[in-house]
Amino acid sequence: MAIDFKEKELNTNLIGKLLGSGFLNPNLIMWTWKPVKGVRVTVLENNFYLFSFDSAKDFMKAWSKGAVFMGKQCLVIRRWHPKIELDDRDMNYAQVWIRLPGVSHHDLVSPERIVSAIASEFGGQIIAVDITGGEIHVCVELDVNEPVVTEVMVEDGMGGSGVCQSLQYEIDTLCFNCGRMDHRKEECVDSDDRNGAGEDDEFGPHNMAPKKHAREPPFASLRYVSWRRPSSGWVKLNFDGAVKGRSQRGGAGGLLRDSEGEFMAAFAAPVSTTRPLFSEIYALREGLQLAVDSGVEYLWIEGDSKIAIEMLNGWREAEGDEERPVMGDCRNLMKRFKGVTARHVFREANQSADHLANLGVEECVHQEWRCSPSPGPPPSLLSFIWRDIAAFLVPRLVL
């Protein structure tokens with residue numbers, strides 16, 4: 001049996017299957033989930049139930065908690081998707097938190113790359129990412145009839161062979177023989193007996209982690225970010241600022257590209273400041289001036305400083321005696337264009353400008369590069385431009 005839903009309703013619906021005799025007690029479910037807003041419960045056939053959440057936060061909290069045990073009853077849940085069928089085969093899944101031993105969000109190894117590798121291993125089904133407490137935990141949906149995955153290979157981002165990341169599961173039961181989590185080794189019917197449960201065995205206590213009960217939203221999610229070309233007839237300005245703490249030097253950089261992603265002009269300049277926000281606003285002003293000098297009529301502005309973008313759009317007052325007059329220059333320069341829009345982007349979509357800002361820290365004077373008549377961008381910028389044109393996807397954890 002399939003159910004027809006409107007697309008906008010798909011994001012916050014769970015399908016539940018009640019195991020055990022009797023009927024579902026909604027009060028027990030609400031006591032477990034403790035939703036802040038409403039949850040509509042619809043009784044379906046064969047002990048299936050539909051739960052429609054009014055709040056995305058309540059939905060995520062319920063989904064990440066997984067199965068609900070109520071005495072001799074158990075409610076197993078799955079997120080609704082258009083191809084789901086109301087039969088027992090589609091409900092052989094459990095929501096499980098995975099601990100990444102030896103990895104924290106302070107490590108040099110990119111957590112985004114590790115979570116991306118886990119998403120690839122589990123078919124892209126990442127429910128949530130918890131980055132609180134100095135550790136990283138990932139919630140996934142697993143088929144209980146399949147062995148758990150004990151490790152994933154993670155690209156190192158430098159063209160090497162990658163690194164191996166072990167996984168530990170916050171579960172009560174794991175068969176040290178077949179690797180399934182719905183029974184113990186003593187109950188296993190698999191004839192392929194793997195004796196022992198030491199560190200060298202494929203499955204064992206080293207694959208399990210203690211459960212963390214006090215885990216609450218908001219959770220992080222995994223997104224894939226890339227630079228996007230502007231619309232036809234528009235030019236995109238990416239800008240960025242940088243301050244190097246040890247050298248006490250600042251830099252600014254930015255570049256212009258057309259709707260095909262082709263390079264038009266760029267700059268890199270030193271900035272006499274130790275304030276990161278000032279370096280961002282300075283880069284914005286220099287980028288706007290470069291666009292005016294280049295004869296741009298329709299300008300799309302992107303930067304990874306949310307504060308600078310909000311100031312430019314008039315959503316926030318300029319802060320500080322240094323920043324206020326420079327932001328005033330920026331707003332006056334915006335009046336020189338027939339059309340202009342500005343938005344904040346993640347740093348992964350602003351890497352070309354970031355590179356130029358770091359060049360600016362090392363420069364002694366303002367430097368500019370143009371497509372014509374000069375030979376084009378600095379050689380070190382070419383690889384960043386090519387990645388942007390190819391819309392290279394970069395993983396990012398987003399709260």
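Author: A cavity is a set of grid points where a 1.4 Å probe fits but cannot get out, and its volume is the space filled by probe spheres set on those points. The model shown here is predicted. In this model, about 70 Å³ of space lies in the largest cavity.

Reader: How many cavities of 30 Å³ or more does the count give?

Author: The count comes to 1 cavity of 30 Å³ or more.

Reader: Which residues line the largest cavity?

Author: The lining consists of Val-225, Ser-226, Trp-227, Glu-348, Gln-351, Phe-384, Arg-387, Asp-388, Ala-391, Phe-392 and Val-394. By class, 6 of the lining residues are nonpolar, 2 are polar and 3 are charged.

Reader: Which helix gives the most to that lining?

Author: Helix 8, residues 382–389, gives the most, with 3 residues.

Reader: How do helix 7 and helix 8 run relative to each other, roughly parallel or roughly antiparallel?

Author: Angles over 145 degrees count as roughly antiparallel. The axes of helix 7 (residues 351–362) and helix 8 cross at roughly 165 degrees and come within 9 Å. Helix 7 and helix 8 are therefore roughly antiparallel to each other. Their crossing is left-handed. Gln-351, Ser-352 and His-355 of helix 7 make the contact with Phe-384, Ile-385, Arg-387 and Asp-388 of helix 8. This contact of helix 7 with helix 8 has 2 nonpolar, 3 polar and 2 charged residues.

Reader: At what angle do the axes of helix 4 and helix 6 cross?

Author: The axes of helix 4 (residues 276–293) and helix 6 (residues 323–334) cross at roughly 25 degrees, coming within 9 Å. Helix 4 and helix 6 are therefore roughly parallel to each other. Helix 4 passes helix 6 in a left-handed crossing.

Reader: Which residues of helix 4 and helix 6 meet?

Author: From helix 4, the residues are Leu-277, Phe-278, Ile-281, Tyr-282, Leu-284, Arg-285, Leu-288, Gln-289 and Val-292. They meet Glu-323, Val-326, Met-327, Asp-329, Cys-330, Leu-333 and Met-334 in helix 6. The residues of this contact divide into 12 nonpolar, 1 polar and 3 charged.

Technical notes: Residues numbered from 1 in each chain as written. Predicted model: local features only at pLDDT ≥ 70, side-chain atom pairs only at ≥ 80, totals over all residues. Heavy atoms only, no water. Axes fitted to C-alpha atoms, helices over the stretch in contact; angles between N-to-C directions. Helix = DSSP H or I, 4+ residues; strand = E, 2+ residues; numbered from the N terminus. Parallel < 35°, antiparallel > 145°, perpendicular 65-115°, else oblique. Left-handed = near helix turned anticlockwise from the far one by under 90°. Contact = heavy atoms within 4.5 Å. Nonpolar A, V, L, I, M, F, W, Y, C, P; charged D, E, K, R; others polar. 1 Å grid on protein atoms, 1.4 Å probe; cavity = no way out; pocket = protein on both sides within 12 Å on 5 of 7 lines; lining within 4 Å.
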